[in-house]
Structures are given as C-alpha cells and as structure tokens.
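Let's walk through this one with a few questions and answers. Here is the structure to keep open beside you.

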Amino acid sequence: EVLDLGVDAAPPKSCTHVVIPGQPESFKALCGLVSGRWLLTPQYIFDSYDAGYWLNEADANGVRCQPLPLKDQKFLVPAPQQATPDALSMKARLEFIVQYGEGILVDSARGSGIVIIQSGDDILKDR
C-alpha cells in the first residue's frame, strides 16, 4: 500500500519505507529515519516498477538506521527562548520525533547521558 502523507506527517507504525526527494530534512523523513524505516528516493519506485519487482533497498542507495539511533537514550528539549507559536510547535515536533524513535524525554539536564536537542540537526548528531 502506498500512502501520500506529505512532509508534515509521521509515517504510520506499519510503514516500512519512506520516499523522499532528497536529504532527510522533513518531519516525515526524520520520523522515518529514527524509527528504522527505509528512506528511498522516488527513483527507487520507478526503477522497481520497470524491473517488475521491488529492488533491494541497499543497492538502490536506500538509508536505514539499525539499531534505532534514539532508542532508550535520554533527551531534553528545552523550552524555546521566545514562546512564539512556531518555536512551541518546533519543541512539540522534536519531542514527538524523540518518542517516535523510542527515545526517552526528560524534564531536566540533571543526570548523566542526557542529550539536549534544540533543532532537527541535533537529533542525529553523533548517533
């Protein structure tokens, strides 16, 4: 089954592949990446169609993070410096991505092994 979710929707848990046109920068792509889905370009779909079967994802330059990069790690998403609607929305999206990838949200930086993230770029840094 192929779903057209757009860039602002998380893939359903039953989803196995996420098709993106370029680098994994969208909310959908980050959710797919942290949850171990294959990330592939639209060309993979076209090439598979032409071949008459689904091609091997790794051979088609697909990307998949295994083991899950956030699983069981602790993350703090601090409150934005300015409580604008966009900043609050970004905080909520980052928290969602962490939980979608089976990370653990904490409410303070006390303790060891806590990763502080303030942007989508911080989510996969050094993982």
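A quick definition before we start: buried means under 20% relative accessible area, exposed means over 50%, and partly exposed is in between (1.4 Å probe, protein chains only). This is a predicted model, where local features need pLDDT of at least 70 and side-chain atom pairs count only at pLDDT 80 or more, while totals for chains, interfaces and linings use all residues. Residues are numbered from 1 along each chain as its sequence is written, and side-chain values use heavy atoms, with hydrogens and water left out.

Q: Is phenylalanine 96 buried, partly exposed or exposed?
A: Phenylalanine 96 has a relative accessible area of 35%. That sits between the 20% and 50% limits, so phenylalanine 96 is partly exposed.

Q: How do the rings of phenylalanine 27 and phenylalanine 96 count: stacked, edge-to-face or tilted?
A: Rings of Phe, Tyr and Trp (its six-membered ring) pair if their centres lie within 6.5 Å; planes under 30 degrees apart are stacked, over 60 edge-to-face and the rest tilted. Phenylalanine 27 is in helix α1 and phenylalanine 96 in helix α3, 69 residues apart in the chain. Their ring centres are 5.6 Å apart and the planes meet at 40°, so this pair is tilted.

Q: Which residues do ring pairs link into a cluster?
A: Phenylalanine 96 also pairs with tyrosine 100, with centres 5.7 Å apart and planes at 25°, so that pair is stacked. These two are four residues apart in helix α3, which means about one helical turn between them. Through ring pairs, the cluster takes in Phe27, Phe96 and Tyr100.

Q: Which residue's charged end sits over the ring of tyrosine 100?
A: A charge sits over a ring if NZ of Lys or CZ of Arg is within 6 Å of the ring centre and within 35 degrees of the ring normal. Tyrosine 100 itself is buried, at 7% relative accessibility. The charged end found over its ring, 4.1 Å from the centre, belongs to lysine 13.

Q: Which residue forms a salt bridge with glutamate 102?
A: A salt bridge is a side-chain nitrogen of Lys or Arg within 4 Å of a carboxyl oxygen of Asp or Glu, and the structure holds two. Glutamate 102 counts as partly exposed at 36% relative accessibility. The closest N and O atoms are 2.6 Å apart, and the partner is lysine 71.
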